[in-house]
Structures are given as structure tokens and as C-alpha cells.
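This report covers helix packing, the chain interface and salt bridges. Please have the sequence and the structure open as you read.

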Amino acid sequence: MPPSSAPTTRRLYRRRDGRLVAGVASGLSEHLGIDVVLLRAGFVATILLGGFGVVLYAAFWVVVPQAAEDPETPSTHGSRSQLIGFAALGIGMLALAQLIGFGPGLLWPAAAAVTGAAILWRQADDSQRVRWRSGAVRGTRLITGAPRAHTLLRICLGLLLVTIGLGSFLATHEAVHQARRATLPVLIVVLGLVLVVGPWMLQTFQQLSAERTARIREHERVELAGQVHDSMLQTLTLIQRRADNPDEVLRLVRRSERELRGWLYTAAASQESLRAAILAVSAEVEDEYPVTVDVVMVGESAVTPAVEALVQAVREAVLNAAKHSGDPKLSVYVEASGEEIAVFVRDRGKGFSLDAVAEDRYGVRESVVARMRRHGGDAEIRTAAGSGTEVRLTLPKVPANDS
Amino acid sequence: MTSPQPRTRVVLVDDHSLVRAGVRAELSSRLDIVGEAEDVSDAITCILRTTPDVVLLDVHLPGGTGDVVIRAVHATAPETRFLALSVSDAEDDVIRVIRAGARGYVTKTIGGDELADAIDRVSAGDAVFSPRLAGFVLDAFTGGTPPEPERESDLDVLTPREREVLRMIARGYTYRETAAELFVSIKTVETHVSSVLRKLQLSNRRELTRWASERRLLP
């Protein structure tokens with residue numbers, strides 16, 4: 001066995017030993033599992049189609065790499081007499097083709113079709129080929145009901161005989177000279193291709209899409225595993241080192257819980273979306289203060305400068321709630337509809353009196369309200385001492401040019 | 001004095017023993033934990049044997065997901081009530097388990113008292129809506145494509161009142177606070193929420209049915 005054939009993927013190589021001319025047929029026979037003589041007969045037979053067999057063989061010669069040299073198996077030539085036999089047959093075919101007058105007109109479509117099939121075959125891996133073969137077997141068995149190699153031989157010989165017979169019959173009738181040129185070769189080629197390639201093509205498309213899904217899934221799995229391991233390891237190391245500081249540990253734990261939850265369970269928010277911005281802002285606050293920010297979002301929006309200002313205002317509101325309310329649980333509700341974006345930041349902490357202007361509370365009213373108004377929105381603060389606070393931010397959406 | 005209410009009988013279904021131990025510790029003063037189970041088949045046998053009032057059910061279990069348990073139990077014991085308790089707050093997990101028949105969904109970050117309240121509420125026949133679940137519902141019913149006019153039924157659309165109630169819950173208001181805000185009774189709020197739950201379970205809106213066939217890309 002040539003050294004190039006690995007047990008798992010049988011790539012197509014031109015064999016060095018047992019070759020008649022360039023090892024194309026023997027390589028193909030090794031690769032496909034078809035008897036080499038049949039393949040050679042096939043190449044010679046297709047010469048009939050305007051010298052197509054020669055072109056096909058030449059194409060393989062150019063495209064298919066030669067097997068690596070194996071010192072143990074000397075590169076020998078196959079039986080000399082076989083070569084002579086096929087050469088004679090080839091010349092005969094060429095002469096016959098000339099006689100019948102099958103021009104090279106159908107050479108290119110046929111060449112394209114076979115090249116396409118060959119490329120698909122190349123891209124496939126072993127299990128796919130097994131599937132295709134069984135599909136082709138099933139397909140041909142439907143028509144012929146016989147094992148594969150014999151089936152192919154029968155089909156080829158049958159087509160050949162039909163071709164020769166019809167050709168010689170029509171050659172004697174001058175009148176149909178033109179019609180024959182167009183319809184007969186096309187019909188034969190199409191029929192042949194459909195018989196052989198049809199089942200393969202159908203299965204191919206199914207296999208390709210199944211393959212793609214499987215590949216994406218695998219990729220995601222690997223990526224996630226990498227991220228998770230890396231990040232969790234880092235966090236656990238940090239926790240070990242700061243074990244004496246419970247607040248710090250709690251912060252680290254909360255942060256990694258949030259990250260892990262984000263990877264595992266949340267659809268990735270695109271970087272430029274309102275959702276991502278709000279989540280980032282709440283993550284910031286959660287990192288700095290011992291609070292949990294519960295974010296509920298309905299709808300989605302792109303980020304315009306006005307929306308950015310809204311997000312900053314949200315950040316201010318959440319920060320203030322974290323700093324002053326005394327409530328460890330804050331909720332942020334975002335509703336983005338076609339007409340406006342509304343955000344409600346709520347806490348059930350101690351609240352404050354709107355009339356009293358506390359030094360630090362000044363920031364909330366002025367920066368939040370003023371900022372929102374500057375961008376065409378509004379802010380409303382509902383609070384009273386002892387009953388929590390709710391900050392309501394609204395931003396009407398200017399109809400944009402894009403969707 | 002009125003005679004003490006019989007304590008609610010609860011079965012815990014979760015594949016993490018630490019979680020079960022924690023929940024048991026927090027709840028045993030208020031409720032009776034009559035059974036525990038670790039995977040789908042154990043859960044079904046345990047529930048059918050002990051006939052609890054409420055089942056605390058994790059969404060992800062060895063051998064399947066929570067909705068399998070719900071359907072299997074409801075086939076023989078439809079009066080069993082399920083409250084989903086999970087780490088995940090992914091939309092499709094939540095909606096899938098609610099559509100299978102759960103009457104509420106809470107995440108494991110919930111406190112012990114809140115959890116006991118939630119169990120009591122489910123046991124009484126009401127629904128437990130976390131702010132996030134309310135958000136999902138609003139998203140599913142107001143976003144996306146409206147159902148085709150010929151096939152649209154009452155189940156596919158939320159009434160304005162229901163939408164208002166959901167918005168309040170999504171904003172973090174309790175039922176009591178919602179009732180005060182909308183000037184209605186708590187019972188009215190509970191009725192609206194139950195109606196929304198029913199629509200969530202029965203509606204044929206595309207946003208809700210697609211999770212029946214789709215699987216997440218991650219394992």
C-alpha cells in the first residue's frame with residue numbers, strides 16, 4: 001500500500017507503482033475502490049465524446065499530486081501490454097469520434113460538471129463519502145438492482161453501444177446531420193450525469209448544512225470552555241488570596257457569577273446596543289458597591305448620542321441609589337418602543353425629601369434632569385422620606401433614517 | 001384563635017445537593033419538605049408517590065429538563081403545582097417551563113422569605129411573576145410579529161390593563177404596591193397576572209412556540 005494513504009482519510013494521489021502513463025487511473029482506483037481496468041476503460045470510452053477522455057485524464061494529471069516516494073515500493077510501470085491495448089482502443093475511439101462527428105461542443109459543459117463533482121468529492125471526508133456512495137448505490141440500485149461496479153460498467157457499456165449505434169445510423173442520413181449534432185450528445189451526457197451524480201448532489205447539500213451547524217456548535221463549545229476556565233481560575237485564585245477580606249470576596253464572587261451567567265445563559269448583546277450599554281453600567285455599579293442591580297429590558301434600540309446621554313443619566317441614578325438609599329437591591333426597567341425609551345430606576349430604601357437640597361443629592365436632580373432635558377427627554381423623580389425612590393427617564397425617539 | 005393552617009407540602013427537585021440542603025434549611029420552619037429528587041425519573045416517581053402541594057423544580061436536570069417532569073406529572077396528577085427555581089434566567093428556559101405548566105419562575109438568588117412567600121402564593125393557585133419574567137412576557141407579546149388576523153385569538157394579545165400590571169411588576173413593584181399604584185385591589189392584580197400566565201401557556205404566538213423546536217446552540 002502506498003505510504004500516502006493514511007488509514008483515516010484516503011486522499012487521491014497518482015500512484016507511482018502500477019501506472020500505465022501517469023498513475024491517474026490507478027490512483028483513482030485505489031481511492032474510489034473501483035477496479036483499475038474499469039477506470040481505464042472509462043477514460044478511453046469518453047474519448048468518444050469529442051476527445052473528452054484525453055482532456056479528463058490530462059486534468060487529473062495536472063491537479064492530482066503524485067504519491068510520495070516510498071523506498072520500499074519501487075515505482076514500476078504496469079503491464080506494458082495493457083498500455084498498448086488501451087492505446088489502440090483510444091486511437092480507435094478517436095477515429096470513431098471523427099467518423100461520427102461528435103465535436104468538442106459538449107466538451108466544456110461535461111468538463112465543468114465532472115470538475116464540480118470531483119471538487120465536492122475532494123472536500124468530503126471519509127464518512128461523507130461512505131454516505132454518498134451508499135446513496136449512489138441506493139440510487140443506482142433503484143434502476144438496476146445490481147452491485148455497484150457491475151452497474152457502472154453496464155451503464156457505461158450500454159450508453160456506449162447506444163451512442164455508436166445511433167451514431168452510425170444517423171451518419172447514413174445526411175438530412176439529420178444538424179439535429180444529431182445538437183440533441184443526441186447533450187441527451188446522453190445529461191442522462192449519464194443525472195444517473196451518477198444526482199443522488200450525490202442531493203445528499204451533498206444536506207450534509208453540508210448539517211456539517212456547518214455541527215461545526216459552529218463545536219466552535220462555540222470550545223470557545224466557551226476556554227473563556228470559562230480561564231476566568232473562573234483567575235477569580236478563584238484571587239479569592240484564595242483575599243480570603244480574609246469578606247467584602248472583597250463577595251464582590252469577586254458576584255462579579256464572576258454575573259460573567260458566567262452572561263456567557264452561559266444570555267444571548268450575546270451586540271456591543272453597540274442599548275442592552276449592552278445598560279448592562280455595562282449596572283455591572284460598573286455592582287463592582288463598586290455592595291448592591292445587586294436587577295435589569296429587565298423590553299425591546300431594543302441602537303445607540304445614538306441622545307441614547308448615550310440617557311445611559312449616562314441611568315448610571316447617575318443607579319449610582320445615587322447605590323450610595324444613598326441603603327437598599328441592597330436595585331431594579332432597572334428599560335422599555336424601548338418605537339416612539340420612546342423609558343427607564344425606571346427603583347429602590348426601596350430610605351428615600352429623601354425633594355424639597356431639602358442635600359449637598360450630594362443636588363447631583364441627582366441637576367445632572368440627571370438637566371442632562372435629559374438637553375437631549376430632548378425628561379426625568380422625573382418620585383420619592384419621599386422612608387418610602388424609596390423611583391427615577392423615571394424618558395427619551396422620545398427621533399425617527400432615524402436607518403431601520 | 002383559628003386552627004393552624006396545615007403546612008404546605010413541598011418536594012425539592014435539584015441535582016445539586018448543596019442547593020437542596022440550603023433550601024431545606026431556609027424553608028423547614030415554614031413548610032414541610034416531604035421529598036427530594038435529583039433527576040427526571042426520580043422526580044416523577046417521588047412526586048407521584050408523595051403528592052405534594054408544590055414542587056420546587058430546577059430547570060436543568062440530568063436526564064432532561066424541568067418541563068419533562070411537569071408534563072409527566074400533570075398527565076396523572078394535574079393538581080400538582082410547580083414553581084421553577086433555577087440559576088438560569090435565560091428567556092427560553094423560563095418560557096419553556098411556564099408553557100409546560102409551571103405557575104412561576106424564580107432564580108436561586110432569591111432570599112428565603114421571598115421563596116417561602118412565592119411557594120405559598122403558588123400553593124394558593126396564583127402565579128409568581130419575577131420582574132424578569134414580566135419583562136419576557138412583555139417582550140414576547142408586544143414585540144415581534146403580530147399573529148395573523150384570522151388566527152388571532154384572545155390568547156395572543158394582552159389587554160391594556162394586563163400590560164400595565166406587567167409593567168409595574170417589571171419595574172420591581174410588589175403586588176401590593178402595584179395595586180396601590182393602579183388603585184385596584186390586590187385580588188384584581190392577581191387575577192390579571194393569572195390571566196397573563198394562562199395566555200403565556202396557551203398562546204400560539206411565534207415568539208413563544210419557536211422554543212419548542214429550537215435548541216440553544218450551547219450544550
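## Helix pair in chain A

In H10(A), Leu274(A), Ala277(A), Ile278(A), Val281(A), Glu284(A) and Val285(A) meet Val307(A), Val311(A), Val314(A), Arg315(A), Val318(A), Leu319(A) and Ala322(A) of H11(A). Contact means heavy atoms within 4.5 Å. By class, this contact has eleven nonpolar, no polar and two charged residues. Nonpolar covers Ala, Val, Leu, Ile, Met, Phe, Trp, Tyr, Cys and Pro; charged covers Asp, Glu, Lys and Arg; the others, Gly among them, are polar.

H10 spans residues 274-288 of chain A and H11 spans residues 305-325; their axes come within 10 Å and cross at roughly 25°. That makes H10(A) roughly parallel to H11(A) (angles under 35 degrees count as such). The crossing is right-handed, meaning that the near helix is turned clockwise from the far one by less than a right angle.

## Basis of the model

This is a predicted model: local features need pLDDT of at least 70 and side-chain atom pairs pLDDT 80 or more, while totals for chains, interfaces and linings use all residues. Residues are numbered from 1 along each chain as written, chains are lettered from A and ligands numbered from 1 in written order, and side-chain values use heavy atoms, without hydrogens and water.

Helices are DSSP runs (H or I, at least four residues), numbered from the N terminus. Axes are lines fitted to C-alpha atoms over the stretch in contact, with angles from 0 to 180 degrees between N-to-C directions.

## Helix pair in chain B

Helix H2 (residues 40-50) of chain B packs on helix H3 (residues 66-76) of chain B at about 30°, with the axes 10 Å apart. H2(B) is therefore roughly parallel to H3(B). Their crossing is right-handed. H2(B) contributes residues including Val40(B) and Ile44(B), and H3(B) residues including Val69(B) and Thr76(B). The contact has nine nonpolar, one polar and no charged residues.

## Interface and salt bridges

The contact takes 26 residues from chain B and 25 residues from chain A. About 2,200 Å² is buried between the chains, with 48% from carbon and sulfur atoms. Buried area is the accessible area (1.4 Å probe) lost on putting two parts together, summed over both.

Six salt bridges cross this interface (a side-chain nitrogen of Lys or Arg within 4 Å of a carboxyl oxygen of Asp or Glu). Arg167(B) and Glu335(A) meet in a salt bridge at 2.7 Å, N to O. Over all chains, the structure holds 28 salt bridges.

Arg221(A) bridges to Glu218(A), with the closest N and O atoms 3.8 Å apart. These two are three residues apart in helix H8 (residues 177-241) of chain A, so about one helical turn separates Arg221(A) and Glu218(A).

Methods:
Parallel < 35°, antiparallel > 145°, perpendicular 65-115°, else oblique.
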